[in-house]
Amino acid sequence: IILHADSSARLAGSCAHGVQIESYKDVPITGTILEDNVIQKSWSGVYCYRTIETTIQGNFINDNKFGINQYQSFSTTILSNIMSRNTYGIQDEFGERNRFEQNTFENNTLGIQIMACGRTQVIRNTFVHNERDAYFINEGIYELQAKFSAWNHNDSFAFTQYHILGRTIWRENYWEKPRLLPCSINGELWLWTYWEPHPISWVAF
């Protein structure tokens, strides 16, 4: 699937999702390319569910609740987009091997949030004038439970694609101003007892 438009195009309105890339069965959607669009004024500008090898490149995504919202999406490349005036520029949950590179996050409530994701790369992005630039939540036991649940329900897609305990790499991003020392990124480590979460403040650099 290739979704392409010139710079004058608009994918917008008061709909739930500006662009929805979603699999309703165990077979994922593979190889979608979304480039050079203006996507605005939706609940999710781009919503991805159960996708593999999606490329989202060169889009201007503004004034949404979620600029890009991913769940159980794998090997996504999000490159050279501008996320502006969204509540969440990007939210990525239960994904793996996703790469966010050379994007600009500006004037969002939260630039990027990564939740229970493995082997994610956030590199060479620009964060300016956001209320909060980035946040992460690591949920080791919950991730293991999600893996076991996929196996128990014969969910071969989630079981084979989703691994646990893979860390997020933050590298060469620009955080509001030039820095001599690494930037600290606040987050949470969730410990679980009796299926109740106990968040602990955590930090990455």
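A quick note on the model. It is a predicted one, where local features need pLDDT of at least 70 and side-chain atom pairs count only at pLDDT 80 or more, while totals for chains, interfaces and linings use all residues. Residues are numbered from 1 along each chain as its sequence is written, and side-chain values use heavy atoms, with hydrogens and water left out.

Now, which ring does Tyr88 pair with? Rings of Phe, Tyr and Trp (the six-membered ring for Trp) pair if their centres lie within 6.5 Å; planes under 30 degrees apart count as stacked, over 60 as edge-to-face and the rest as tilted. That rule gives seven aromatic pairs. In one of them, the ring centres of Phe66 and Tyr88 are 4.9 Å apart with planes at 15°, so this pair is stacked. Phe66 sits in strand β11 (residues 66-71) and Tyr88 in strand β14 (residues 88-93), so the pair ties together parts 22 residues apart in sequence. Strands here are DSSP runs (E, at least two residues), numbered from the N terminus. Phe66 itself is buried, at 9% relative accessible area.

Let's stay with strand β11. Tyr71 and Phe94 make an edge-to-face aromatic pair, 5.8 Å centre to centre with 65° between the planes. Tyr71 belongs to β11 and Phe94 to the loop between β14 and β15 (99-101), so this pair ties together parts 23 residues apart in sequence. Tyr71 is partly exposed at 28%, whereas Phe94 is buried at 6%.

There is also a cluster: ring pairs link Phe105, Phe127, Trp170 and Trp175.

Next, two loop residues. Arg124 is not a glycine, but has a positive phi of about 55°. Look for Arg124 in the loop between β18 (121-123) and β19 (126-128); Arg124 is partly exposed, at 32% relative accessibility. Glu172, also other than glycine, has a positive phi near 60°. Its place is the loop between β21 (169-171) and β22 (174-175). Is Glu172 buried or exposed? At 55% relative accessibility, Glu172 counts as exposed.

Last stop: strand β24 (residues 196-204), where we find Ile200. Ile200 is partly exposed, at 34% relative accessible area.

How values were computed: Helices (H or I, at least four residues) and strands (E, at least two) are DSSP runs, numbered from the N terminus. Buried means under 20% relative accessible area, exposed over 50%, partly exposed in between (1.4 Å probe, protein chains only).
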